[in-house]
Amino acid sequence: MKPLLLMLAAVAALSGLSLPVAHAQGPIAVGDPDPFQWLEDIDAPRSMTWVNGQNAITHKRLEEDPRFEVYRKEALAIFTAKDRIAMPHFRAGGVDNFWQDRGHIHGIWRHTSQGSYRTANPQWETLLDLDALSKVEGKNWIWKGANCLKPAQTLCLVHLSNGGSDAVEDREFDTTTGKFVQAGFDFPNGKQNISWVNHDTLIASREWTPGEVTKSGYAYVVKILERGGEPREVFHGEKTDVQAGAIVLEGATGPADGIIVSRGLTFYEREFSLLSDKGLVPILLPKKAEFNTYIDGQLVFTIKAPWKTFGAGAVISYDLADLKKDPAAAKPQLVFMPGAHDAVERVSSSKDRLVVVLLEDVKGAVDVYDHKAGVWLARRLKLPSNASINLVSTSEEVNQFFFTAEGFLDPTSLWLADADGAVAKVKTLPAQFDALRDVVEQHFATSDDGTKIPYFVVHRKDMKRDGSTPTQMFGYGGFELSEPPVYIPQMGKLWLERGGAYVIANIRGGGEFGPAWHEAALREHRQRAFDDFASVARDLIARKITSPRRLGIYARSNGGVLTTVSMTQHPELFNAIVVESPLIDMLRYNHLSAGASWVAEYGDPDVPADRAFIAKYSGYQNLKPGVKYPEPYITTNTRDDRVHPGHPRKFAAMMEKMGLPYLYYEQTFGGHANDADPELNASRWARHYVYLSQKLMD
């Protein structure tokens, strides 16, 4: 037995715990039919009867707990507070905002001047009232943003989702009249990407004819559409692609400078081509590259793999004029190369400046670049240190940028910066929970292969180091998404104020240290992410911050893989598992909703070699009867068209068949984000924290 397992065996013997069920094969043998595949039929009467029965049980357990109404009211007060920061979006010389409160559950799209916005009480003009629109049209409209024609930005394509799904209707809207344009551009519901070329021309990727989508459910045919004319095809991909789309290179004041077509071969691999009079001309790039922005005649990309003289994670640029003249001879130029402890979080632009948002040791920083001298020259903005920095909006009329800064215990603040480096705080969110008794620490756990895994823990200053602190642990570990410290008001109010601790584990698979941190847990290396998460749990226990009796985990989406694998591989470490909007059945995920697009992340279970390593961890297949698992709370949304609700349904049904304890709840609308309606969102978080309180505090 390995030394680590010997140590665990000793710990288990002393604490009365069972050893983890690691990499076990589950009850569904290879070739056996899935007994609960019928639950993948989302709206079938049989499926919904099962869902309603589960919801009734969970309602009684969680919503009839006396704490539920207290938590719900506290969360609703946070989500509908009048003193929240109205997050700004530069448009048409002023500022837009989308706002929801108790009187506007669906929300209002509104506008004000920049001067008015910076006052304590801005004078807003309502552009579109989604509550009124929903009532008139008998729909459940959820806001998904707007794409406005430059330079005036008064004609917009408004994206509306019925119920919160990723699929949207696109309608032309005139902000000067506050009405949809009569006989204007109007696209029915679908997963689509549509951009303005000029007043009378759009370029779009969508399902032009029924079934014309990839295996992932996204469009792969790109067409140019003239107002009142027939669409003209400019690109036709393959069903095996993930998706295809177009990027309009918008000039500073006039017509578009060009159009790029992006072909998504996998989730991470793309081909970019410049659309010319002679057709598509390839742009020389590695396949693992992302388009960031177009600024001052420069196309800016981030490359995710070493290429030429550039390392993975480098930000580079191409001169558009050089590409048009001779693409093969055009030379890319370095903008920024991150170090070993850095990660590029976002790249955007204003009128003629480039903005790069970074993580440095999981803390935020922002550089603004000028290219006037023919090389990229950076200026570091003086934003708060030791904080998470997020780019909110950039102005393409002037060189201004809105950022937020926040931390676990530091309420979100809004900052306005300009190209000269001037920075001013514009607004601050009032404290939404009492953080005076808490402190933040950063520690490092050692994973099974010796890798040091950073994590943050928020706890009471006077916490007893005796393992008695109820602790909620969060992780993600996928798709190069980072998890820096953020201000989470509902967590602070419902959990920290009641003496709980909160942990974020920065495990591999995320983007905290750039592409290498992500690629370390791709495909056949996925187990590393799970090992990292378990190592943080063990470190918390070893430090006597908490104990298995008081330790719970929460994650969603890709985090559903993490939580269910943690539950099946390490039932001895946890007493609560919140599994939300999750991927779970990893041997069928590629056949459900958008799952086929994630094969580059997890591997292809239809390929025997890939299926072999996926089967070792897939939570659905590795459940076993007779094992003392923690009782999980499994929850999702019927209208989630990104991660199929069949995943959590089947997991719960399998637990039911095995006689294992669990709770299941399915909200009927809201989509993958599950937070579009503040009232439903308040109930959602109340259920989460009633469950966590029952399991970890009682």
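Me: Is Trp 598 buried or exposed?
Reply: Trp 598 is buried, at 7% relative accessible area. Buried means under 20%, exposed over 50% and partly exposed in between, with a 1.4 Å probe and protein chains only. Bear in mind that this is a predicted model, where local features need pLDDT of at least 70, side-chain atom pairs count only at pLDDT 80 or more, and totals for chains, interfaces and linings use all residues. Residues are numbered from 1 along each chain as its sequence is written, and side-chain values use heavy atoms, leaving out hydrogens and water.

Me: And what about Phe 479, buried or exposed?
Reply: Phe 479 is buried, with 13% relative accessible area.

Me: Switching to rings: how many aromatic pairs are there?
Reply: The structure has 28 aromatic pairs. Phe, Tyr and Trp rings (six-membered ring for Trp) pair if their centres lie within 6.5 Å; planes under 30 degrees apart are stacked, over 60 edge-to-face, the rest tilted.

Me: Why does Phe 98 with Trp 143 count as stacked?
Reply: Their planes are at 5 degrees, so the pair is stacked, with ring centres 5.2 Å apart. Phe 98 is in strand S2 (residues 94-101) and Trp 143 in strand S5 (residues 141-148), so the pair ties together parts 45 residues apart in sequence. Strands here are DSSP E runs of at least two residues, helices H or I runs of at least four, numbered from the N terminus.

Me: How accessible are Phe 98 and Trp 143?
Reply: Phe 98 is partly exposed at 23%, whereas Trp 143 is buried at 17%.

Me: Back to Phe 479 and Trp 598: what sort of pair do they form?
Reply: Phe 479 and Trp 598 are edge-to-face, 6.4 Å centre to centre with 80 degrees between the planes. Both sit in loops, 119 residues apart. They also belong to a cluster linked by ring pairs, along with Phe 267, Tyr 268, Tyr 589 and Tyr 602.

Me: OK, cores. How many residues does the largest nonpolar core have?
Reply: The largest nonpolar core has 116 residues, and Met 473, Tyr 502 and Tyr 602 are among those with the most contacts inside it. Such a core is a set of buried Ala, Val, Leu, Ile, Met, Phe, Trp, Tyr and Cys residues joined through side-chain atoms within 4.5 Å.

Me: Which helix gives the largest share?
Reply: That's helix H14 (residues 678-697), with eight residues. Apart from this core lies another, of 20 residues, including Leu 274 and Phe 310.
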